[in-house]
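User: I am new to this structure and would like to learn how to read it. Could you take me through some features in turn?

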Amino acid sequence: MNWYKKSQKKRVHSLALPLEEELSEKGHLDYDDDENLWFGAYYLKDDILEEEGKMLESRYPEMRPLGSGHEGIAYDIGDGKVLKLTFNEAEYDIGQTLIDNPSPHFANVYSVEKLNQSYAIVLEKCQLWDTSEIRHEEVEKILGALRSNVYDLFGCFANLQEITDDNVGINSKGNLVVIDLGIM
Ligand SMILES: Nc1ncnc2c1ncn2[C@@H]1O[C@H](COP(=O)(O)OP(=O)(O)O)[C@@H](O)[C@H]1O
Ligand SMILES: [Mg+2]
């Protein structure tokens, strides 16, 4: 299978689909040739990230795609850490702010880096929040409390609508924390 070749002509955001389908069907992706190894870089924007993708793969040889949303793609890089590649500069800024002022309401941020085309953020890998057994009102109540804590930190600059169940996870201490720094 070579999903990059199959999907490279599609629009950027639609590329998440074959990746996620394959992941959920098989639980893993095939890495049977060099191109498949770094579809994640291509995923973001055609081939402009080729160089960055190569560099990151040599730095994190274990990197495997974990998930993607509107702005970027997250990779498991082992050691309980996630690499988030994004085009959103705000994530870089928030990441730096959280390194300087760690917050219990966010996943731990270990490093932020500006690459040529994108931003690379290394953060704590969290367990995803499974809300399937929780009442909608309860989920909203919990998210509301988290939004209020984030508002206390970042004030009106924060786009609290981005704090959704997809963008929060459970950290190693068992606390619900924001994992997607794209909140501005
Ligand atoms: N720290 C993390 N721990 C575990 N999974 C993560 C982490 N960061 C991202 N993910 C997974 O990757 C997905 C996309 O990452 P996210 O930062 O939300 O990207 P986007 O900005 O594109 O929405 C998340 O919905 C989640 O499934
Ligand atoms: Mg997200």
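Analyst: The turns below go through strands, a ligand shell and a helix. This is a predicted model, in which local features need pLDDT of at least 70, side-chain atom pairs count only at pLDDT 80 or more, and totals for chains, interfaces and linings use all residues. Residues are numbered from 1 along each chain as its sequence is written, while chains are lettered from A and ligands numbered from 1 in the order in which they are written.

User: In which sense do β1 and β2 pair?

Analyst: Strands (E, at least two residues) and helices (H or I, at least four) are DSSP runs, numbered from the N terminus. Two strands pair if DSSP finds at least two bridges between them. Here β1 and β2 are antiparallel, with four bridges, and P65 has Y75 as its bridge partner. Three residues lie between these strands in their hairpin.

User: How many bridges join β2 to β3?

Analyst: Six, again in an antiparallel arrangement.

User: Which residues are closest to ligand 1?

Analyst: A residue counts as near if its C-beta atom, placed from the backbone, lies within 6 Å. The shell has 23 residues, and G67, G69, E71, A74 and D180 are the closest. Elements giving two or more residues are β1, β2, β3 and β5.

User: What is the span of α7?

Analyst: The expected span is 1.5 Å times one less than the number of residues. Helix α7 has 19 residues and reaches 26 Å from first to last C-alpha, close to the expected 27 Å. G155 follows α7 and has a positive phi, near 60°.
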